[in-house]
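Colleague: Please walk me through this one, I'd like to know what I'm looking at.

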Amino acid sequence: MQDYGEQAMMALNGDEAVAWAVKQSNVDVVAAYPITPQTIIVEKISEFIHNGEVDLEFVKVESEHSALSASWGAALAGARAFTATAANGLALMWEILYIVASTRTPVVMTVANRALSAPINIHNDHSDSMGARDSGWIQIYSEDAQEAYDNTIMAFRIAEEAMLPVMITLDGFTISHTLQNVSVLPDEAISNFVGIREIPRIKLPEIHGEKEVPLMLNPKYPVSIGPLDLYDYYFEHKVQQNEAMKASIPVIEKAHKEYGEISGRSYEPVHMIPYRTEDADVVILGLSSAMSVVKKVVDQLREDGKKVGAIRLRVFRPFPADIIRKELSGLTAVGVLDRSLSFGAEGGPVALEVRSALYSSLSKPAVYNYIYGLGGRELSPKLIAKAFNELLEVKVEPENPTVKYLGVRE
Amino acid sequence: MATQSVWRPNIKELARRELKTRPVESGHRLCAGCGAGIIIRQIAMAARKSIVWINATGCVEVATTIFPYTSWNVPWAHNAFENAAAVASGVEAARKKLSRVGRFANDPDVELDYDIVVLGGDGGTYDIGIQSISGAFERRHKFMYVLYDNEAYMNTGIQRSGGTPFGARTTTTPVGKVIKGKPLFKKPIMDIIVAHQIPYAATISSAYWNDAIAKLRKGFEADGPAFIHAFSTCPLGWGSAPEDTVKIMRLAVETCVFPLYEVTNREYRLTGPSISIAKNPARKKPIEEYLKLQGRFRHMFKPENKWMIDKFQGWIDKQWEALLKRAGY
């Protein structure tokens, strides 16, 4: 393996870390619109361009709807395309999220997670990306600035090989605006890892000579992208798209393995990372930065002899149901953290998926859902300890409420 | 005055070019007499190099691509209704970057030297798409936006749009007992576009093929964004005979309902028959001649609705006078 030399330890906030990843990943076109707390990403990229440190086209669009539309156009024209957004910006992209995914276009997007309006609130929760969970994008949630950097780089490999768009999230302010130590690999290492975007090739029909030609907007070999598709084919196309999502699992794993080889950070076992779960009776499972705090609490409770552990889910789409089932079966109780609501549902989006995955297990644990941190509300170690203690004493009784709020005034 | 185009279309040459560059094959599902089909062919005839087409949602998209078929012989992409100009912005940015670094210089299977055309209807342009067009024009992306204006949402069943003219019957401006047709006037889309100070904007009527093609060529050659407002007869939505399509396109110009002009770097210049009407106002035909061929205006010919024709004529006269002033008459 090639030796690229030392990684540089830099003091970066999460947004800057993402901008560094974009700068190093041979991105051709960025199309983005500013929205708090994503703004530093686009500011930093602009700085890189204006200082001649990166050669890319930055389309400073007039809305997020256009940001994703332009990214789609750029990707179809053969470019590696990136965009970033948050909250209402992602909501405005909603229509195009589905179109990008359904045309199998490998756009990479970073979402600095922020609460959706109303009321307007600029702080962190996951209502934005959770709202997009059914749109056909791969979703990977980052725990810290380092992971936001690493995930963004890997996202280009995953998107282009799986031919699916990838959404990388980082918690607004908690990660996006907090200065952390980030190991940045040498430019050459990242450039070689992601390569230049390779255009997928398709086989021409027999009458045209069975040649393999690039699938892009190209006058040499014209294709029609985005046709009307009615009841005689649409259904099959949707099933194929769902199959593509499933088929992305090994692609995601491979990208992590190879990235681990050059960086020392492979985030194995990739889809979810268990923490002190070997002999645990009770586990709290959740996403993103809050899990750093949960792990600290696990350490404290372990000192008191309590058999607790944590699982940080990284890949939410495709949802690793088999792995979750294997990991959680046999436990006494699982607390699932959700930083968003699914109004009117029996719990938040993560809990719904986890409970559903466990249903076919013969030794299923009790599943309790804790909704926390909406609109940036702090999740203190004390609250997490309270949840753990509740789970340790859990009695599985159907009349017990299984969905609770953590840290809300009553 | 703006300089004249050097390139003069020659009909024999155009016929040859059309066979060679034909963007849409026959067998598409556009209605008989649809103006859009003619406009598409004229765009291709005016091409100076290969074209990549971006299509907003609308009649053309629906009628040319039902999976697994496509009528398009050229690279063609459709994303959504309101974002064709944003998609074109991305395509242009990609082409710029990839050409700059010679990405496909050694790949004989890829061609990057192309012009970008966006095709949008009046709904996708006057209404839902205006934001992305405005943004793209402010950013000076090099592409030609062609508005095929059939003056209502024809694809969804003839609902009124910002481009629907006064008095016209649509399914959302029916001719009722109290309100008869659309009570409002057409949005001045060209004024809005020209306010963006883009290098080239023009109106075309396919009936005047040489004028149309010369302008389309100028649009391709413009140093930045270009906008072509193409008048597009819709027999289905207008209640006109398919064989009258070109006649209606001609009458729209002769009545000054749709004058022909171009704006080059903010300088207005009348073209074609609009010049002779400007010089000899007696040549301006009354709008009744244009209206009477279309079922959507039929109610205006009832004696009790005559005021509608007068009101429409008054508005047309004012628009025309304002244009004359801008064009230096």
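**Sheet, contacts and cores**

Colleague: In what sense do β1(B) and β2(B) pair, and over how many bridges?

Modeller: β1(B) and β2(B) run parallel and share 3 bridges. Strands here are DSSP runs of E, at least two residues, and helices are runs of H or I, at least four, both numbered from the N terminus; two strands pair when DSSP finds at least two bridges between them. B:Trp53 has B:Trp76 in β2(B) as its bridge partner.

Colleague: Before we go on, what sort of model is it?

Modeller: It's a predicted model, where local features need pLDDT of at least 70, side-chain atom pairs count only at pLDDT 80 or more, and totals for chains, interfaces and linings use all residues. Residues are numbered from 1 along each chain as its sequence is written, with chains lettered from A and ligands numbered from 1 in the order in which they are written.

Colleague: OK, back to the sheet. What's the strand order?

Modeller: It's an open sheet of 9 strands with mixed pairing, and the order is β11(A)-β2(B)-β1(B)-β3(B)-β4(B)-β6(B)-β5(B)-β7(B)-β8(B). Its edge strands are β11 (224-225) of chain A and β8 (267-270) of chain B, each pairing on one side only.

Colleague: And chain B overall, how many helices and strands?

Modeller: Chain B has 13 helices and 8 strands. Its C-alpha trace spans about 70 × 45 × 40 Å along the principal axes. Of its 329 residues, 54% are buried, meaning 20 or more other C-beta atoms lie within 10 Å of the residue's own.

Colleague: How many residues does each chain put into the contact?

Modeller: Chain A puts in 44 residues and chain B 42, with contact meaning C-beta atoms within 7 Å. On chain B's side, β1 (50-55), α3 (59-64), β2 (76-78), α4 (84-100) and α6 (130-138) each supply at least two residues.

Colleague: Switching to chain A. How is it divided?

Modeller: Into domain 1 (8-198 + 253-262) and domain 2 (272-406); those bounds come from an automatic or database domain assignment. Their C-alpha centres are 28 Å apart. Domain 1 of chain A gives 22 residues to the contact between them, and domain 2 of chain A gives 19. On the domain 1 side, α6 (127-131), β6 and β7 of chain A each give two or more residues, and β6(A) gives the most, with 4.

Colleague: Is β6(A) covered on both faces or on one?

Modeller: Both faces. A:Ile138 and A:Ile140 on one side, and A:Gln139 and A:Tyr141 on the other, are all buried. β6(A) also pairs in the parallel sense with β7 (residues 166-171) of chain A over 4 bridges, and A:Tyr141 has A:Thr169 as its bridge partner there.

Colleague: Which residues touch the most other members of the largest nonpolar core?

Modeller: A:Ala74, A:Val166, B:Val91 and B:Val146, in a core of 230 residues. A nonpolar core is a set of buried Ala, Val, Leu, Ile, Met, Phe, Trp, Tyr and Cys residues joined through C-beta atoms within 7 Å. Helix α7 (residues 145-162) of chain A gives the most to this core, 10 residues.

Colleague: What does A:Ala74 touch?

Modeller: Leaving out residues up to four places away in sequence, its contacts include A:Asp28 and A:Val29 in chain A, and B:Gly90 and B:Val91 in chain B.

Colleague: Why is α3(A) largely enclosed?

Modeller: Because 13 of its 13 residues are buried, the rest of the structure largely encloses α3(A). After α3(A) comes A:Gly78, with a positive phi near 110°.

Conventions: A residue is buried if 20 or more other C-beta atoms lie within 10 Å of its own, exposed if 12 or fewer, and partly exposed in between; C-beta atoms are placed from the backbone. Two residues are in contact if their C-beta atoms, placed from the backbone, lie within 7 Å.
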